[in-house]
Amino acid sequence: MLINDLYQYNGYDCELVYGVEKSLGQKSQNLLAWPLVDDNHNTVGLLVLIDLKVIDNEAVLTEFVKIAASHIRQAIWLEQHGQVIRNLSADNQALQRENSQLKQRTQKRYNGPIAESEAMLNVLQRIDKILALPVDVLIRGETGAGKEVIAQYLHNNSSRSEQPLIVQNCAAIPEQLLESELFGHKKGAFTGADKDKVGLFEAANGGTLFLDEIGDMPMLLQAKLLRVLQERKLRPVGASKEISVDVRVIAATHCHLMEKIKNGEFRADLFYRLNVFPVTLPPLRERVDDILPLSEHFVSQMSAKLNLSQDPGLSANARKQLSEYSYPGNVRELKNIIERSVLLSDFETISHIEFGEQVPETAPLSTASQAVSPEPIQAIPSPIESQPTNPTTNGDGLKESSLKEAVGNYERNVILDCLQACNWQTKRVAEQLALPLSTLNHKMRKYEITTAD
């Protein structure tokens, strides 16, 4: 729009222009108003030229107006969305700080359970659902399977991680002392109580109490424990007032609690109270994929304890031995085996694994004899082939060897051939011959069977 005589023009309201000119002490002759249109054909402003004598290049002015409109549109957009961007940036920085703090806390306090097998990954996935929830947990599994490690994982990754984790083995302390240990006592409550004692529940207030081997807890204490779990209140021995506690209880057992309930050794109501969220740890023999990672972890631990410059490596033979063993003592046994193997190595390579003596099997012979042999025994000699090579004969040409000698020779040859067929893995030989391992070791010493044979 071009206005040739600004102060004689009546078509539009020019009061704003008049007011500006008055404040500036000037009076313009003409006015040119050019709309600023952005790329989306929206008008975002107006270019006003006053006292314009002549337009030398209208094309340049048109391009300038387009550029001006684009920059104004960007300025408007930044104004509208700048605060959102700043908020997002602040949130992102807060998340980064929180993530860094969580990593530092986790690395500082806990190495984490080693889980590469599907069985253990499923266990951790199940546990992760209740890490932040105020739920008591019952962990079931064989001795040495890692129940305390899982309890540590639960505590360290919960909202209670800044508070104490207290561990008590219910089978490791006499019944008379366990009540005082758990609930505390007042001075003079019984003979020898010369001062007040804070119980483990009160000491773990705000944190976690791990009760291992809960299946061995005396019946009287089971009733008291049930009340604490239900009411979250306890009364120390000899006290007249109750104490409120905020404690997450993690219980663990290797026992079959339902069998104990049938035998009257465990309270059914306590079982159902603890069994709200059960977690079952698989034995190590069912998590074969974890054996070698655990072994390397224990090698590193032992190397640090011995101040070795580097961790000894596991040879192919050692890895094969570790992978094929059944580990009746689970992860605890594996740790002991690795520590012994490191000590017996040259501190550079662990080439052989010494499994050591095993607990005699208690299974009946009929059960053991049903074990399937992974590798068939070949070339087991007959009794006649097993007789002495230089026997004496009587007048009828019959061999004069005592029955005891013949049986002994036969037994020696059977054991020797089975050892050779099984690559001298005594555990497998014992399974194939349906013998306890301790019996097999005794017979090997008796018949002086060594690798030289």
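**Entry 1: the five-strand sheet**

I began with an open sheet of five strands, ordered S5-S6-S9-S4-S10 and paired in parallel. I note that this is a predicted model, where local features need pLDDT of at least 70, side-chain atom pairs count only at pLDDT 80 or more, and totals for chains, interfaces and linings use all residues. Residues are numbered from 1 along each chain as its sequence is written, and side-chain values use heavy atoms, with hydrogens and water left out.

My terms come next. Strands (E, at least two residues) and helices (H or I, at least four) are DSSP runs, numbered from the N terminus. Two strands pair if DSSP finds at least two bridges between them.

Which strands stand at the edges?

I then looked up the neighbours of S4. Strand S4 (residues 137-140) runs parallel to strand S9 (residues 248-253), and four bridges join them. Arg 140 has Thr 253 as its bridge partner in S9. S4 also pairs with S10 in the parallel sense, over three bridges. There, Leu 138 stands opposite Pro 278 of S10.

**Entry 2: the three-strand sheet**

Next I found an open sheet of three strands, in the order S1-S2-S3, with antiparallel pairing. Strand S1 (2-3) and strand S3 (43-50) are at the edges with a single partner strand each, so one side of each has no neighbour in the sheet.

How many bridges join S2 to S3? I read seven between strand S2 (residues 31-37) and S3, which run antiparallel. Val 37 faces Thr 43 of S3.

**Entry 3: two helices**

I checked helix H5 (residues 175-183) against helix H7 (residues 219-231). They pack at an angle of about 10°, with axes 10 Å apart. H5 is therefore roughly parallel to H7, a label for angles under 35 degrees, while over 145 is roughly antiparallel, 65 to 115 roughly perpendicular and the rest oblique. Axes are lines fitted to C-alpha atoms, for helices over the stretch in contact, and angles run from 0 to 180 degrees between N-to-C directions.

Contact means heavy atoms within 4.5 Å. From H5, the contact uses Glu 175, Leu 178, Glu 179 and Phe 183; from H7, it uses Leu 220, Leu 221, Lys 224, Leu 225 and Val 228.

**Entry 4: rings**

I count rings of Phe, Tyr and Trp (its six-membered ring) as a pair if their centres lie within 6.5 Å; planes under 30 degrees apart are stacked, over 60 edge-to-face and the rest tilted. The count is four aromatic pairs. Phe 183 and Phe 201 have ring centres 5.8 Å apart and planes at 15°, so this pair is stacked. Phe 183 is in helix H5 and Phe 201 in helix H6 (residues 200-203), 18 residues apart.

**Entry 5: confidence**

pLDDT is the predictor's confidence in each residue, from 0 to 100. The protein's mean is 81, and 84% of its residues reach 70 or more. Among its elements, S4 has the highest mean (96) and helix H13 (residues 365-368) the lowest (32). Over residues 361-400, pLDDT stays under 50. Where pLDDT is low, the predicted coordinates should not be read in detail.
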